Amino acid sequence: METRETDHPAPPRSGPSYTSYLKLDELLKCQAPLSDTHDEMLFIVIHQASELWLKLCLHELDAARAAIAADQLDTAFKMMARVARIQQQLIGSWEILATITPADYSAMRHALGGSSGFQSHQYRAMEYLMGNKNEAMIGVFADAPHLQAVLADALHAPSIYDEALRALARAGLPVPEDRLTRDFTKPYETSAQVEACWGDVYAAPERYWDLYELAEKLVDLEYRFQLWRFGHLKTVERVIGFKRGTGGTAGVPYLAKVIDQVFFPELLTVRAVL
């Protein structure tokens, strides 16, 4: 079959092109290695791509939280399911980063200076949104007041779990008042009464189907977040062993401690009493 000139797509006559719409000229200039090592490009691309995925996670979870607050749970479920797929992408990125050998990383580590994923404000905002509130972490961004302002807003806002508990209360379940009107800047504390409320949901899923599905969507969110944390731990362990992190953390021991942090405690403990 002959190919005619008219078979080729013509440039758009009006409106943005693929390159201009995605701002590819600017985007593809953002990878600027500071060493002459081959693997630094991989290191930069993985982390920049992860920040874009985190941006999308925040976009979806912010909207899901608002939908839960409005009792539009079906809408929230769609967004939370999308985040689960995004999390799979983030988890998979560790396998690519782990192709950097210890010698390769050591050769470029000097170029990183004191930069570290510990300084990702989007990661911190996602932890705040999910309920791991630690006001001290805002101090990491003392040299970036605009980021501190973003994180201060996230710190003061109810987490997605706080909104889930409010949804339980609106459905007539006896969530303690001190869990509904608490200081959202503080870490959430486990409640036996909240566990009992989730127990009622799990005991009668046909009666509380939307809340039952909400609970499982939250469990899935935490499960994948923990897999991401574990992948981070094992990748760091593989590449740098037990050296200190570039951001000043203890490295692997610090990451191991972080894995013990739980976002939605009663959704885990309730399983033991069903």
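Me: What do the numbers rest on here?
Reply: It's a predicted model, where local features need pLDDT of at least 70, side-chain atom pairs count only at pLDDT 80 or more, and totals for chains, interfaces and linings use all residues. Residues are numbered from 1 along each chain as its sequence is written, and side-chain values use heavy atoms, with hydrogens and water left out.

Me: OK, how many residues are in the largest nonpolar core?
Reply: 74, and Y161 and W198 have the most contacts inside it. A nonpolar core here is a set of buried Ala, Val, Leu, Ile, Met, Phe, Trp, Tyr and Cys residues joined through side-chain atoms within 4.5 Å. Buried means under 20% relative accessible area, exposed over 50%, partly exposed in between (1.4 Å probe, protein chains only).

Me: Which helix gives the most to this core?
Reply: Helix α11, residues 209–240, with 12 residues. Helices are DSSP runs (H or I, at least four residues), numbered from the N terminus.

Me: And what is W198 in contact with?
Reply: Leaving aside neighbours within four places in sequence, W198 is in contact (heavy atoms within 4.5 Å) with Y161, L165, L168, L211, A215, E266, L267 and V270.

Me: Switching to rings: how many aromatic pairs does the count come to?
Reply: 12. Rings of Phe, Tyr and Trp (its six-membered ring) pair if their centres lie within 6.5 Å; planes under 30 degrees apart count as stacked, over 60 as edge-to-face and the rest as tilted. One of the pairs is W94 with W228, tilted, at 5.3 Å centre to centre and 50 degrees between the planes.

Me: Where do W94 and W228 lie?
Reply: W94 is in helix α4 and W228 in helix α11, so the pair ties together parts that are 134 residues apart in sequence.

Me: Are those two buried or exposed?
Reply: Both W94 and W228 are buried. They also belong to one aromatic cluster with Y123, Y161, Y188, W198, F225, F263 and F264.

Me: What about loops, where is D71?
Reply: D71 sits in the loop between α3 (40–69) and α4. D71 has a positive phi of about 60 degrees although it is not a glycine, and at 44% relative accessibility D71 counts as partly exposed.

Me: Which other loop has a positive phi in a residue other than glycine?
Reply: The one between α1 (18–21) and α2 (24–27), which holds K23; phi of K23 is near 50 degrees.

Notes: Helices (H or I, at least four residues) and strands (E, at least two) are DSSP runs, numbered from the N terminus.
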